[in-house]
2 protein chains.
Amino acid sequence: VSGFVWLVGAGPGDPDLLTRRAARCLESADLVLYDALVQPGALALAPHAQCFSVGKRAGRQAMRQETIHFLMIRAARRGKRVVRLKGGDPFVFGRGGEEALALAAAGVPFEVVPGVSSAVAAPALAGIPVTHRGLASGFLVVSGHAEPAYRPALESLAPRSATVVVLMGLAQRGAVAALLLARGWSASTPAAVVFDASGPAQEAWRGTLAGLGTAAVPEGAEGAPGTLVIGDVAALELSFAQRRAAPSRLSTLDSIRSRR
Amino acid sequence: VSGFVWLVGAGPGDPDLLTRRAARCLESADLVLYDALVQPGALALAPHAQCFSVGKRAGRQAMRQETIHFLMIRAARRGKRVVRLKGGDPFVFGRGGEEALALAAAGVPFEVVPGVSSAVAAPALAGIPVTHRGLASGFLVVSGHAEPAYRPALESLAPRSATVVVLMGLAQRGAVAALLLARGWSASTPAAVVFDASGPAQEAWRGTLAGLGTAAVPEGAEGAPGTLVIGDVAALELSFAQRRAAPSRLSTLDSIRSRR
């Protein structure tokens, strides 16, 4: 009997944002290898599984990628049902493609279960639609992890021709803002940083590209992932909870449009 | 007693790719207003609800956007629990932002429930990771619906600096290819079209940017949505089902890398 590996997207954090298929995979799993951003509530959906963290933690190094491959393949060859649970979507950064290649090379059957990507969900949960008629008809997603990775795309994209979303972008917010300003983006372009989207410490900073580089990280969100959103849509705040504060934001829509 | 509206992403089609929160919203809904791409299996999750299609269908016009707003607001004011079920994610095209604005303006409480976007899931389900170390460190998502909407971003983006994903891009595949070729993208850049992602007629065309304009639509997928994927990652086919056909594709990875 051969095992099986599911490469599963866990969504931005809140276990309610796992897909029904992800929940079913966890329900039947013998082994779960999970990333650092996966929340305990997601692991509670896997009552029969051994659960191992393979992600980076404060003060501890992440497991080597090859070790993760080895653990998945060995368990599958022993007949185990393995869930590799990754934050967001398995194919949006996070090296899911490499894991799929390793499984294919080893002859281990696997399936990819797409997840809710933070690239869209982090802005949405802060009330920011990455596209909006008249404001943005597309969006560019890059990782803030390494400058050579995001520079070519950000440097070429025409100012305001698409919303820019930078995942894991907190440390690079100054460099990203400087790069876009040098490319000709206006200093008054709306910008936002969403901290710990869907998590207990969710909070958003809002301002302009001029202020993005010095945007303060709220207390309690220091270790949390940060998603940068840059573009006219970042001035919107389409959530009911903030409605009492919202009229001024909602009315900015017309002024944004008239500026263009 | 006041009603409530959830703007819910239904994912790419397969009801298993709805989130757990989406399923719970449907479970408790009195009224579901759904788009054309939502599959019957999703509506089966709403046993107590009246379900109305408000999307475009062959030969019939879509309901006017203002009518959708009116129906949501009226039902909520009558105390109903309303789910506005939208294909993919509510804030990736599809006018979810406008619906949120209308609800906020009417004082109707609402919540956005992010979904699995076809922008990432359609490629993933065909075995294409939108990002992959050494091949693509970002992705640009545009809608093929209107040329003025996608042109500025596509025209400026430096060749191969990010994967390009065009949703609803089937009709415009020739125009998109021509635009990228004129921008300096190589004719040999890998390209793919994913038809009916996660649906019963799912199929993928694979080739290069040179052939994209004349890519044939498979029988049975004529009315289905098509997602274009352009960039080195489109040469990958990371799914186990196609594994026997895959060695040649997998081995292309090295040749792609060495070309760069």
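The model is predicted, so local features are reported at pLDDT of at least 70 and side-chain atom pairs only at pLDDT 80 or more, while totals for chains, interfaces and linings use all residues. Residues are numbered from 1 along each chain as its sequence is written, chains are lettered from A in the order in which they are written, and side-chain values use heavy atoms, with hydrogens and water left out.

Chain A has nine helices and ten strands (DSSP runs numbered from the N terminus, with H or I over at least four residues for helices and E over at least two for strands). Of its 260 residues, 59% count as buried (buried is under 20% relative accessible area, exposed over 50% and partly exposed in between, with a 1.4 Å probe and protein chains only). Among the contacts in chain A with a separation of 6 or more, 67% are between residues 24 or more positions apart (contact means heavy atoms within 4.5 Å).

Two helices of chain A show what this burial looks like. In α1(A), residues 20–27, the buried residues are R21(A), A22(A), A23(A), C25(A) and L26(A). Their cover includes β1, β2, α2, β4 and β5 of chain A, together with α1 of chain B. Helix α4(A), residues 96–106, is mostly covered, with nine of its eleven residues buried; among them are G96(A), E98(A), E99(A) and L101(A). Just after α4(A), G107(A) takes a positive phi of about 75 degrees.

The interface comes next. The size of an interface is often given as the accessible area lost when the parts come together. Between chain B and chain A the buried area is about 5200 Å², and carbon and sulfur atoms give 67% of it (this is the accessible area, with a 1.4 Å probe, that two parts lose on being put together, summed over both). R20(B), F91(B) and F240(B) supply 13% of the area that chain B buries against chain A, more than any other three residues. In terms of contacts, 62 residues of chain B touch 62 residues of chain A.

Polar contacts across this interface link 22 residue pairs, both residues being at pLDDT 80 or more (a pair of N or O atoms within 3.5 Å; within protein, one must be able to donate a hydrogen and the other to accept it, and residues adjacent in sequence count only if both atoms are side-chain atoms). Seven elements of chain B, namely α1, α4, β5, α5, β6, α6 and α9, each supply at least two residues of the side that touches chain A. The largest share, six residues, comes from β6(B). That side of chain B divides into 39 nonpolar, twelve polar and eleven charged residues (Ala, Val, Leu, Ile, Met, Phe, Trp, Tyr, Cys and Pro count as nonpolar, Asp, Glu, Lys and Arg as charged, and the others, Gly among them, as polar).

Five bridges join β6(A), residues 138–143, to β6(B) in the antiparallel sense (two strands pair if DSSP finds at least two bridges between them), and G138(A) stands opposite V142(B). Within chain B, β6(B) pairs with β7(B) in the parallel sense over five bridges, S143(B) standing opposite L167(B). All five residues of β7(B), residues 163–167, are buried: T163(B), V165(B) and L167(B) point one way, and V164(B) and V166(B) the other.

Over all chains, the search finds 28 salt bridges, and eight are found across the interface of chain B and chain A (a side-chain nitrogen of Lys or Arg within 4 Å of a carboxyl oxygen of Asp or Glu). One joins D16(B) to R24(A), with the closest N and O atoms 3.1 Å apart. Another links R20(B) and D16(A) at 3.6 Å, N to O; R20(B) lies in α1 of chain B and D16(A) in the loop between β1 and α1 of chain A, so the pair joins two chains. D16(A) is buried, with a relative accessible area of 18%. E98(A) and R133(B) also meet in a salt bridge, at 3.7 Å, N to O. This pair runs from α4 of chain A to the loop between α5 and β6 of chain B. E98(A) is buried at 18% relative accessibility, whereas R133(B) is partly exposed at 48%.

Inside chain A, E155(A) and R151(A) form a salt bridge at 2.6 Å, N to O. The two are four residues apart in α6(A), or about one helical turn.
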